[in-house]
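This briefing goes through a two-chain structure topic by topic. Please keep the sequence and the model open while reading.

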Amino acid sequence: MINLLQTLGHSVFSRLSTLGRASSLLMSLLSAIASVLYRFRLLLVQMYSVGVLTFLIVVVSGFFIGMVLALQGYTTLSDFGAESALGQMVGTSLVRELGPVMAALLFAGRAGSALTAEIGLMKATEQLSGMEMMAVDPIKRIIAPRFWAGFFSMPILALLLSAAGIIGGYLVAVEMLGVDNGIFWSRMQSTIDFKIDIMNGIIKSIVFGFVVTWIAVFEGYDAIPTSEGVGRATTRTVVYSAFAILGLDFALTALMFGDF
Amino acid sequence: MSETINNPADVIISVKDLSFYRGSRKIFDNINLQIRRGRITAIMGPSGTGKTTLLKLIGGQLRPQQGQVKVNDLIVDKLSRKQLFNLRKRMGMLFQSGALLTDLTVYENVAFPMREHTRLPETMIRSLVLMKLDAVGLRGARKLMPSELSGGMARRVALARAIALDPEIMMYDEPFAGQDPLSMGVLVKLIHILNNALDLTSIIVTHDIKEAFSIADDVYLISEGKVIEHGTPQQIQQSSSEWVQQFVNGHYDGPVPFHYPAPGYRNDLFNLAGSEQSQSKRHNQQ
């Protein structure tokens with residue numbers, strides 16, 4: 001019993017101290033925004049590796065997601081003779097939910113894991129320590145540009161995923177299943193509200209981008225500096241990000257669209 | 001044991017009554033060291049005695065639990081982050097791994113501290129980088145990436161980077177570890193020449209006796225958290241301490257036992273204490 005309590009206490013204590021370290025890193029990252037914007041080139045380089053290199057996987061996945069949505073939606077809607085609502089269904093589910101969530105999950109797998117591994121290895125090979133000894137703050141020079149690059153890239157990626165998904169959905173619905181072209185687009189246009197649907201989707205993706213990149217850079221910065229430690233940290237990034245994205249998605253959806 | 005230093009202005013780094021723990025493990029127990037300006041001081045001792053930790057304490061990357069480290073009369077652990085960074089601009093450190101930035105070329109690695117801390121025009125940075133690289137004999141390797149360098153070359157590039165801002169103090173963490181005789185010879189020579197030519201104060205943490213004794217002015221031997229001996233290489237070699245003789249001459253057994261503490265051999269072999277099984281059982285349960 002005492003052992004159990006001891007283990008429990010130890011685990012709670014270590015989780016709390018991890019959370020403390022993560023929060024303190026976040027404070028430093030937030031306060032480094034001025035120096036990141038001042039050295040804009042560093043941010044651009046990171047936006048290329050975090051954002052542009054994730055573009056392809058996001059767009060291709062979005063395209064297929066849209067195609068599947070249209071196919072599945074058609075089978076259900078046609079039972080009620082409501083194929084005309086297919087455009088609305090594809091559009092709404094993409095901009096409200098699937099765009100931000102899928103883009104964030106793909107982002108965590110592609111860019112988040114790479115960020116953790118890169119920062120963790122820099123720590124393991126004493127590059128961060130070396131920078132400290134050269135009087136260069138590694139948080140400002142290395143971590144903050146990556147964090148802000150992820151933060152800025154994520155909403156753009158989510159929008160691109162939604163756009164690619166809508167094109168995929170159009171191809172299946174109109175070109176393959178024969179839904180009327182005009183109805184498909186006009187229903188989508190008349191039912192999707194910019195403020196309610198698109199803006200809330202963007203807010204979601206901003207929150208996801210913030211959390212996923214925070215988890216990724218923190219796990220790298222806090223990794224045990226061995227090959228095993230970096231491997232574990234990378235896994236943790238993907239797992240924690242997935243939990244955070246799905247949990248936050250529920251909370252945000254309840255806040256934005258829940259009727260209570 | 002240790003000779004007294006008559007002129008206090010001669011001392012650039014002084015470590016006073018310093019104790020440092022990692023968890024409950026004591027790394028340093030009330031140690032005192034004085035590093036003299038312009039000299040090469042070797043800090044030696046068996047692996048795992050915290051020699052690298054001492055460099056990190058001097059550089060302010062770690063804080064002592066007790067005692068203090070003074071560099072140029074500044075107490076390192078009392079400095080603000082800004083003051084500490086200003087102090088570090090006057091210190092160079094050569095890491096065991098080189099710690100080169102792997103996404104930058106050799107040239108950019110050496111230029112890195114200049115770009116971060118100065119606003120020099122590009123032409124001047126170029127001249128300075130080429131001068132530093134020439135000093136370590138690697139001007140021709142400036143376009144290579146760190147992954148294309150041998151271990152010895154990486155360390156020389158890191159050395160060029162460490163002297164980029166013309167520091168007053170150079171700290172070398174195991175500069176000779178894992179080097180072939182050729183690279184070792186080059187590094188020994190470089191450390192010696194740079195110390196004299198740039199008017200540096202050098203601290204070398206190492207356990208390579210021959211190389212360290214060939215260039216060091218002062219030697220501190222550290223073991224189990226204490227300074228065991230201090231003096232010139234000649235004084236150390238003539239020391240009457242058995243421990244020092246074992247360390248310097250590399251005898252396999254002596255005051256430092258060959259065996260890690262263990263129960264009696266016979267008891268252990270026949271498992272008379274029966275501890276092994278219960279221990280492994282406990283381990284599995286954990």
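The expected span of a helix is 1.5 Å times one less than its number of residues. Helices (H or I, at least four residues) and strands (E, at least two) are DSSP runs, numbered from the N terminus. The model is predicted: local features need pLDDT of at least 70 and side-chain atom pairs count only at pLDDT 80 or more, while totals for chains, interfaces and linings use all residues. Residues are numbered from 1 along each chain as its sequence is written, and chains are lettered from A and ligands numbered from 1 in the order in which they are written.

**The two chains**

- Chain A has nine helices and zero strands, giving the pattern α-α-α-α-α-α-α-α-α along its sequence.
- Chain B, in turn, has 11 helices and 10 strands.
- The C-alpha atoms of chain A fill a box of roughly 65 × 55 × 35 Å along the principal axes, and the C-alpha trace of chain B spans about 75 × 50 × 40 Å along its own.
- A residue is buried if 20 or more other C-beta atoms lie within 10 Å of its own, exposed if 12 or fewer, and partly exposed in between, with C-beta atoms placed from the backbone.
- Of the 260 residues of chain A, 44% count as buried; in chain B, buried residues make up 35% of 286.
- Two residues are in contact if their C-beta atoms, placed from the backbone, lie within 7 Å.
- Among contacts between residues at least 6 apart in sequence, 87% in chain A join residues at least 24 apart, and the figure for chain B is 64%.

**Where the chains meet**

- Chain A gives 10 residues to the contact and chain B gives 13.
- On the side of chain A there are four nonpolar, four polar and two charged residues. Here Ala, Val, Leu, Ile, Met, Phe, Trp, Tyr, Cys and Pro count as nonpolar, Asp, Glu, Lys and Arg as charged, and the others, Gly among them, as polar.

**Helix α9 of chain A**

- Helix α9 of chain A covers residues 227-257; its 31 residues should span 45 Å, and its end C-alpha atoms are 44 Å apart, which agrees.
- Its buried residues are A:Val230, A:Ala233, A:Thr234, A:Thr237, A:Val238, A:Ser241 and A:Ile245.
- The cover over these buried residues of α9(A) includes α4 (86-124) and α8 (194-221) of chain A.

**Helix packing in chain A**

- Two packed helices are described by the angle between their axes and the distance between the axes. Axes are lines fitted to C-alpha atoms, for helices over the stretch in contact, and angles run from 0 to 180 degrees between N-to-C directions.
- α4(A) and α9(A) pack at about 150°, with their axes 8 Å apart. That makes the two helices α4(A) and α9(A) roughly antiparallel. Angles under 35 degrees count as roughly parallel, over 145 as roughly antiparallel, 65 to 115 as roughly perpendicular and the rest as oblique.
- The crossing of α4(A) and α9(A) is right-handed. A crossing is left-handed if the near helix is turned anticlockwise from the far one by less than a right angle, and right-handed if clockwise.
- Residues of α4(A) in this contact include A:Val101, A:Ala104 and A:Leu105, and those of α9(A) include A:Val230, A:Ala233 and A:Asp249. By class, the contact of α4(A) with α9(A) has 12 nonpolar, eight polar and one charged residues.
- The axes of α4(A) and α7(A), residues 181-191, come within 7 Å and cross at roughly 50°. α4(A) and α7(A) are therefore oblique to each other, and their crossing is right-handed.

**Helix α5 of chain B**

- Helix α5 of chain B (residues 151-162) has 12 residues that should span 16 Å, and its end C-alpha atoms are 16 Å apart, which agrees.
- In α5(B), 10 of the 12 residues are buried, so the helix is largely enclosed by the rest of the structure.
- Among the elements covering the buried residues of α5(B) are β6 (91-94), α3 (106-117) and α4 of chain B.

**B:Val129**

- B:Val129 lies in helix α4 (residues 122-135) of chain B.
- B:Val129 counts as buried because it has 23 C-beta neighbours inside 10 Å.
- Leaving out residues up to four places away in sequence, B:Val129 touches B:Tyr107, B:Val110 and B:Ala111.
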